[in-house]
Amino acid sequence: GGKTALVGVQMAVDRINKSGGISGRPIELLVADYESKPDVGRRKAEKLVVEDQIDAHAGGYLSNVCLACMPVYEENKVVNMITVCLDTTITTTKCSRFTFRPFDYAPAQGVAAAPYLVNKIGKRWHIAYADYAWGQSTRDAYVEQIKGAGGSVVETTGIPLGTADMTPFLSKVTGSFDGLFGIFFGPQGIAFLTQSFDLGLSKKYRMAGDGAIAVATALPAIGSKGEGFVGIDRYIPVLEGVLNTPHHKRFFDDAVARLKQIDPSGPLPDRYVQSNYEGVNTLKIGMQKSGFQGRKDTMKLIEALEGLELKEGDDFPQGDKVLRKEDHQAFLREF
C-alpha cells in the first residue's frame, strides 16, 4: 500500500514538473518512511519540518501514525495534506487548521453504502474490524448509518491489527444475522475473505465491507473465495461508466506502467495511487490560487484550500469534489 501510494505522489510531481512546476518552480520531493510506527513517524516528521525545512507535507498511511504526526505540522505551521489515513477523528474531534483530507471518510461511505446494505442485502449485520484507530472509528460510523437506514448491528468483533490468522476470532462469529461486514485492508483484508470462506461463513451470510478489502492488488490472492463480496470505495480501476473519460484513461495508463516497474505481476492502480496523486494536485491548485512561495504563506494557502471546489479533469480523474471549509474534509462520489 505504501509503495502504490508513493507511485501516486511521483506521478503528480513528475507531471507538475514537466509542465514547468508550480508558479515556475519545480517540486523537490523528499521521501521518508515511518516504518508503520507512530514514534518513528513523529521523529521523521520533525526532521522534515525542522531540518529539511519542507514547505508542505503530503502523505500518511496508517491512521495512528497520521494522528501522532499532526501536532508536528500544526506547531510548525506547515500544511499537511493527508493522502491515505481514514480515521474519522482527523477531520472531526482532532480537526486541525493545518490538516486537509482531499478524499472520503467513513461517515460519508456509510451514508452512501448503508441504504444498499439494508435494502438490497439484509437488515441485520455483524461487523468485524481491525482493532485500532481507523477500524474503530469506521465501525462506529457504519453502526450509526446502518441503524439510520432501518437496519441493525447485532454484534461487532475486533481483531488486533496485523493478526494474520483470524480463525480464532472468525470461528466465534455465529448467530442470526444476514450479513458479515469487514473493515480491514492489506493482508488482513485478504485473510478476512479467504478465511471466512474456509470456515463456511460466506455460504451462511452475505459478505460486504470496506473497499480496501478488494483493491486490485488483493484480488489475485482472494481469487474465487471473494465471489459475491460487495464493497464501497472512492476509486475502482475500470474504464467504464463515469470513469470512462480521457482524464481517467491517461491517469490509468501512467499508473499501470509505473506499477509494473515495482511489481512485475502488473497490478492495476488502487485508491492509494488515486488519493496521493490527487492530494498533491490539490496542494498545487491551492498554491497557484494563493500565490504561495513558502512557509511564510501557509495561512494564505490554508485560506485558498478551505471550501475549494476541485473539478474532474487531468488533476482529478476520480471526479468532482469539494473540500469543506469547516473541517477540511472532502466529499466525492462513491462506488
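Me: Two strands pair if DSSP finds at least two bridges between them; which strand do 3 bridges join to S7?

Reply: This is a predicted model, in which local features need pLDDT of at least 70, side-chain atom pairs count only at pLDDT 80 or more, and totals for chains, interfaces and linings use all residues. Residues are numbered from 1 along each chain as its sequence is written, and side-chain values use heavy atoms, with hydrogens and water left out. Helices (H or I, at least four residues) and strands (E, at least two) are DSSP runs, numbered from the N terminus. The strand that 3 bridges join to S7 runs parallel to S7, covers residues 230-232, and is S8.

Me: In S8, which residue is the bridge partner of Asp210?

Reply: Strand S7 spans residues 206-210, and 4 bridges also join S7 to the parallel strand S6, residues 179-183. Phe181 stands opposite Ala208 of S7, while the bridge partner of Asp210 in S8 is Ile232.

Me: How many of the 5 residues of S7 are buried?

Reply: Buried means under 20% relative accessible area, exposed over 50%, and partly exposed in between, with a 1.4 Å probe and protein chains only. By that rule strand S7 is mostly covered, and the number of its 5 residues that are buried is 4.

Me: What is the relative accessible area of Gln195?

Reply: Gln195 sits in helix H7, residues 186-198. Leaving out residues up to four places away in sequence, Gln195 touches (heavy atoms within 4.5 Å) Ala164, Asp165, Met166, Thr167 and Leu170. A polar atom of the Gln195 side chain also lies 3.5 Å from the backbone nitrogen of Thr167. Gln195 counts as buried because its relative accessible area is 15%.

Me: Which residue does a polar contact of 2.9 Å join to Lys284, side chain to side chain?

Reply: Lys284 belongs to helix H11, residues 271-290, and is buried with a relative accessible area of 10%. Beyond the neighbours within four places in sequence, Lys284 is in contact with Arg15, Ile16, Ile22 and Asp315. A polar contact is a pair of N or O atoms within 3.5 Å; within protein, one must be able to donate a hydrogen and the other to accept it, and residues adjacent in sequence count only if both atoms are side-chain atoms. The side chain joined to that of Lys284 by the polar contact of 2.9 Å is that of Asp315.

Me: Which strands stand at the edges, each with a single partner strand?

Reply: An open sheet of 3 strands has the order S1-S2-S3, with parallel pairing. One side of each edge strand is left without a neighbour in the sheet, because each has a single partner strand, and these edges are S1 (56-59) and S3 (99-100).

Me: How are H4 and H5 placed to each other?

Reply: Axes are lines fitted to C-alpha atoms, for helices over the stretch in contact, and angles run from 0 to 180 degrees between N-to-C directions. Helix H4 (residues 106-121) and helix H5 (residues 133-148) pack at about 45°, with axes 8 Å apart. Angles under 35 degrees count as roughly parallel, over 145 as roughly antiparallel, 65 to 115 as roughly perpendicular and the rest as oblique. H4 and H5 are therefore, to each other, oblique.

Technical notes. Pairing = 2+ DSSP bridges.
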